[in-house]
Amino acid sequence: MKEEERGRKEVVVVLVGPPGSGKSSFAEAVVGGSTAGRHWVRVCQDTIGNGKAGTKIQCLKAASDALKEGKSVLVDRCNLEREQRADFVKLGSTLHADVHAVSLDLPAKVCISRAVSRKGHDGNLQGGKAALVVNRMLQKKETPLLTEGFSRIMCCNDDGDIKKAVDLYNDLGPSDSLPSGVFGQKSKRPVQVGIMKFLKKADASSVETSSGPKLALTEIKPAQQNPLPKQENVEAGFACPMEVEKGLNDKMENEEHAKESDYCDVGSRTLAFPSISTADFQFDLDRASDIIVDTAANFLQKFDNIRLILVDLSEKSRILSLVKQKAAKKSIDSNRFFTCVGDITQLHTRGGLQCSVIGNAANWRLKPGGGGVNAAIYNAAGESLQHATKKCADALRPGTSVVVPLPSTSPLRQREGVTHVIHVLGPNMNPMRPDYLKNDYTRGSKILREAYNSLFENFASIVQSYMGKQNSESGAEKSASGGTSPNDTKMKREDSHGSERMKKHKLFQPIMTAKQQHECTKVNAPNCHDDAMTSSAVPSQTRQVDNKRNDVVTSKTWGSWAQSLYELAMNPEKYKNSDSILETSDEYIVLKDLYPKAKRHILVISRMDGLDSLADVKKEHLPLLRRMHSAGVKWAQKFLEEDAALEFRLGYHSVPSMRQLHLHIISQDFNSASLKNKKHWNSFTTSFFRDSVDVIEEIEQNGSTTTSTDEKVLAMELRCHRCRSAHPNIPKLKSHIAICKSSFPSHLLQKNRLLSSTMHMDRT
DNA sequence: GTTCTAGAAC
DNA sequence: GTTCTAGAAC
């Protein structure tokens, strides 16, 4: 107990590296060499089963036991994929430990040569087999990210780095903690890139080269308050440095040396915010920068002694350079409004910036995830932000914002001193996202302006409430009447609603349920949706006429969510920057499936308007079908060159969920977290999945495909696609298919229905 | 197509 | 108490 009072905190170090990268040596060196009194336990999957290889579950149990006994843990397993690490991160944070990643990024050939040559290895991985395994594993490696929940990530690129890391952990006393952030990463690429999303346009701000004058960038020191036990390691932390404009340096120096009370004060009057709508929502950067500068300038005129910081991850951020130029032109005081390159969730620990309030580019449901700033903030703030948000609002309308006070338990509050998050929803110019404005910049600009105004006004309310509290605590408040700002806070109020806004509960935007929000959007923005996207407002028959589809009459109606592939097929040029698109031709687009149901799962999407599904396919479409098939085979062959262990099927869903004819090319491992339910499984492993070769043959013979395929097969029992054994639920099925080595049913071995590296492939 | 969640199954 | 599914909403 005494130790807890001194602030002792256990650490979970998740080692990340392939066989031969030195994980075990690292773990042993830390366990055996700890000089500072911290008790380390090595949890090694290769030996956890009475000296033999065990399971991840055993490792989790051992780690949990150790933490509960007040020991720190080294997780000695490969942990190369995010999913493999996630449970350990979760365990650590649940048990209030610091969770670190140490990524052993030695060159592949070094790992292979070590793995090949070693004898008597714990995991029995040695000899020639090791080379194959290491190579395969490295292909799947996902670099650890702070957004996964690590508070600290160390990348070791050579033995020297590893030695430094070992020393660091050896010297870590029971009450010491290491600074947060990413250390030693080779690339200068920002660490918090968003989770890859379907067709998410690469953030223009991080791709484009700044056309503006080159910023004078200066590294700033981390804040003094952050205990940094080892200076040399701190320096390593600036492999992806937080940088600010040179002109601010004086300001920062002041901040660092200010008295504690002043220090807090600066922070409590600072709002850091990301650019709204310019990343995933694809709002034009030039227009957005005008609006940011304009709304910020207006706001600063109304309020003195308040500070706004526009934050973006990328050094090459175009939105930052545009805003900087335009702010300079307007002669806005650069001490009160400036731009900052860095991670908005680490402004204090990595940038030394004091900032109590941060803006979040939220989604309308106010849910975590989605990538980008939203994911980063929710990850950094922990679950308590979700709960706190839920208490404040269910949903957000474009152009509005909502203040969420951060609970004191939130890591973002504890580590960074953030007291409030303001969720903002801006206008959307991305057809793949809700409330798409169809390039209507009149409306979009208005909404973006409203969004920033709402953000700033809410921020002002927080500051005023804080000032009011400060003053009443110090007895400086002159009168309680109306609660307007006392003069000594230098806050100026112009509008007549000032006193209204002082009542905190009135400051929030109207809180609506999801349903109300939906209706509200429809009323307020009748032109908001693409007609073809609106499923409820327009009868489906009408839509079919509008859709140039007079010649085709099908009973199928498509929900708004089912339009993505159609939208892509009709306008591929809009998504040309997406990493998900593998190939584009006049006839088809090859796309990585957003939610792959196997290691490799891509779609060949026809671009022919009116061809929604197999039901629409006629003889005249045969050449197209054959070319789509060939494209699929070509990609399958490419994947087989990369991994000869895969096997592929090419086929269509009898009744697809997404509009626009698309051919699935899917590897038969079905090893994917996105494969979650019976429908997923049965849609690829029963008669619901129509092999491309059979579809082509059937059209050749009959002129159309049979329409009798029943969706009932989707509800059938779960059977292994190889040995046909039945399984009670998805998790058990997945465990089975991971080990089933039976050959495929005989009909799949005919007519090239199954493509593998060992088979001769005839192109249809 | 996914997400969310109540309640069934274990 | 936890895991898992199925149905509704989007």
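Predicted model: local features only at pLDDT ≥ 70, side-chain atom pairs only at ≥ 80, totals over all residues.

Reader: Which residues are around DNA strand B?
Author: A residue is near a strand if one of its heavy atoms lies within 4 Å of it. Here the residues are Lys-367, Lys-390, Trp-561, Tyr-595, Lys-597, His-653, Pro-656, Ser-657, Met-658, Lys-676 and His-680. Of the atoms of DNA strand B that come within 4 Å of the protein, 56% belong to sugar and phosphate.

Reader: Which side chains have a polar atom by a phosphate oxygen of DNA strand B?
Author: A polar contact is a pair of N or O atoms within 3.5 Å; within protein, one must be able to donate a hydrogen and the other to accept it, and residues adjacent in sequence count only if both atoms are side-chain atoms. For a phosphate oxygen of DNA strand B, the distance is 2.7 Å from a polar side-chain atom of His-680, 3.0 Å from one of Lys-597 and 3.4 Å from one of His-653.

Reader: How do I read a pair of aromatic rings?
Author: Such a pair is described by the distance of the centres and the angle of the planes. Rings of Phe, Tyr and Trp (its six-membered ring) pair if their centres lie within 6.5 Å; planes under 30 degrees apart are stacked, over 60 edge-to-face and the rest tilted. The count comes to 14 aromatic pairs. In one of them, Phe-273 and Phe-456 are edge-to-face, with 5.5 Å between centres and 80° between planes. Phe-273 lies in strand S9 and Phe-456 in helix H17, so this pair ties together parts that are 183 residues apart in sequence. Helices (H or I, at least four residues) and strands (E, at least two) are DSSP runs, numbered from the N terminus.

Reader: Which cluster do ring pairs build?
Author: They link Phe-273, Phe-299, Phe-303, Tyr-452, Phe-456 and Phe-459.

Reader: And where does a charge sit over a ring?
Author: The rule asks for NZ of Lys or CZ of Arg within 6 Å of the ring centre and within 35 degrees of the ring normal. The charged end of Arg-659 is over the ring of Tyr-566, 3.5 Å from its centre, and Arg-152 lies over the face of Phe-183 at 4.1 Å.

Terms used: Residues numbered from 1 in each chain as written. Chains lettered and ligands numbered in written order. Heavy atoms only, no water.
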